[in-house]
Amino acid sequence: MNKFFATTPIYYVNDVPHIGHTYTTIAADVLTRYHHQKGKEAQLLTGTDEHGAKIAEAAKKHGEKPKEYADKISQEFKKTWDKLNINYVRFIRTTDEDHIKIVQEFLLKMYKNGAVEEKPRLYKGLYCVPHEKFMSKDELVNGLCPDHKTAPIDYAEENYYFRLSDYQQKLEQLISEDKIKVRPLTRKNEVLGKIRQGLEDISISRANLEWGIPLPFDTSHTTYVWIDALINYYTYGSANDLWPADLHLVGKDILWFHSVIWPAMLLSIGEEPPKEVFAHGFFTINGEKMSKTIGNVIKPEELINKYGVDGTRYVLLAAFPFGEDGNFSWELFDRLYNADLANGLGNLVARVARLSEKSGLSINQDMGEHETKDFEEKIESLDFSGALVVANHYLKNIDEKISQEKPWEIKDKDKLQKLLTSYISEIVKTVKLFQPFLPQTAENILSQFSGSIKSAPPLFPRV
RNA sequence: CGCGGGGUAGAGCAGUGGUAGCUCGUCAGGCUCAUAAUCUGAAGGUCGUUGGUUCGAAUCCAACCCCCGCAACCA
């Protein structure tokens with residue numbers, strides 16, 4: 001029980017990383033680091049999702065093979081996470097050999113257990129390629145897909161179906177009893193409501209698409225990309241004795257796949273469903289939906305350039321309650337960065353370091369840790385912004401105490417050093433709370449406050 | 001009548017029956033160790049609207065208005 005296995009979604013390589021991917025990944029990393037700090041064997045899995053018609057098409061447009069194209073974009077994600085100090089245990093790709101093998105084993109089990117219909121069904125209809133799904137006539141506007149403004153193609157193909165409807169009762173029970181914890185609660189209710197409206201069997205294969213994993217029981221079909229993608233968690237988890245996953249962190253758009261379809265797939269092969277699925281909110285950008293068409297997509301580099309790696313990690317999680325939508329604006333993020341990091345933590349460290357340096361203080365003892373249930377409860381329920389409010393209160397208290405005690409007026413060296421040591425003790429304890437959020441900064445501060453203390457350049461220059 | 005969430009100070013939020021709170025911003029004052037920082041204090045809200053229950057409602061009930069999610073390039 002002493003493990004914590006968390007996942008981010010694996011990101012689809014039709015798009016380079018943006019603030020949304022970054023948000024999910026940082027949250028997952030913070031939580032994993034927190035559990036690690038608590039002494040658990042905590043592991044974070046992330047990666048990229050690379051199959052499907054959309055990728056095949058995008059590659060073609062660039063005059064590349066799908067794999068070459070996927071390699072390139074996948075690399076972008078990996079580079080971004082490395083830059084952001086994401087401590088993943090593995091960067092999994094759906095084109096990895098072990099994944100392909102596990103997908104095939106998984107599907108074969110499903111098939112043998114009768115969870116997949118023996119024969120494919122013929123499906124005729126209008127197919128929207130960018131959507132990768134069939135569309136009904138009344139979804140179309142003037143014969144075009146309302147989202148993509150393209151005409152769907154007449155299409156008939158045979159698909160294998162997963163008997164999802166068989167799991168309706170079981171899923172309803174597991175979710176309502178929190179055996180599969182779906183969070184936040186509003187999402188749980190939403191999912192339950194939708195389940196009660198009835199589950200339909202779903203297609204899990206494509207007949208005319210080469211860029212995918214062949215079905216083990218009918219190699220003329222490839223695995224539908226979503227099915228392939230979900231299994232990634234199990235590819236790593238099962239091979240490393242980590243299953244079931246403790247947490248799938250997802251965006252609210254893909255909650256259904258993770259809380260319903262994926263658990264049903266696992267049940268169909270006799271495996272345990274994930275313990276928790278948490279869906280966080282989305283960003284709007286200055287009040288508008290973030291979209292490539294509007295062109296208001298925020299890239300992680302823009303954030304890093306302005307706030308630094310730790311600043312970016314902090315500001316994203318501190319800005320809004322996790323789980324709800326938040327409206328991004330540079331003004332808001334600037335304010336938050338200046339108030340909490342530059343004026344708060346950064347300045348406090350600077351003022352105490354300077355006073356300590358002047359008095360020739362040297363620290364050689366372990367400062368211990370805060371006992372703070374409040375903080376723990378918040379972070380363990382993924383209330384990151386709430387947890388940070390708690391941590392910032394500690395800092396505020398130290399600032400107040402310094403202003404009251406006026407150490408700069410104290411001439412008696414022993415008395416002064418005793419005071420300073422008490423400040424440092426409080427700072428160090430608090431910094432440990434910040435550590436999962438600000439791993440590099442925390443390390444810097446901890447080393448600055450051990451041994452003979454020196455002033456240092458600002459940790460967080462004002463923006 | 002598909003299901004659900006929400007509307008509280010300039011901003012972001014907390015507050016589920018008992019004199020409206022937090023963080024930021026604004027204004028005034030103090031301090032000088034510090035990143036024009038920090039500390040103290042103040043201003044600022046008829047808690048979406050209307051009606052009801054109650055000794056008492058942001059909090060319960062009803063109706064209405066407005067935003068949003070499930071529901072559609074995408075986290």
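Reply: Tyrosine 236 counts as buried, at 7% relative accessibility; buried means under 20% relative accessible area, exposed over 50% and partly exposed in between, with a 1.4 Å probe and protein chains only. The model is predicted: local features need pLDDT of at least 70, side-chain atom pairs count only at pLDDT 80 or more, and totals for chains, interfaces and linings use all residues. Residues are numbered from 1 along each chain as its sequence is written, chains are lettered from A and ligands numbered from 1 in the order in which they are written, and side-chain values use heavy atoms, with hydrogens and water left out.

Rings of Phe, Tyr and Trp (its six-membered ring) pair if their centres lie within 6.5 Å; planes under 30 degrees apart are stacked, over 60 edge-to-face, the rest tilted. The count by this rule is 30 aromatic pairs. One of them joins phenylalanine 5 and tyrosine 236. This pair is tilted, with 5.9 Å centre to centre and 45° between the planes. It links distant parts of the chain, 231 residues apart. Phenylalanine 5 is in strand β1 (residues 3-12), tyrosine 236 in helix α8 (residues 232-239). Helices (H or I, at least four residues) and strands (E, at least two) are DSSP runs, numbered from the N terminus. Phenylalanine 5 is buried, at 0% relative accessible area.

Tryptophan 226 and phenylalanine 257 form a stacked pair: 3.8 Å centre to centre, 5° between the planes. Tryptophan 226 is in helix α7 (residues 225-230), and phenylalanine 257 is in helix α9 (residues 255-268). Tryptophan 226 is partly exposed, with a relative accessible area of 22%.
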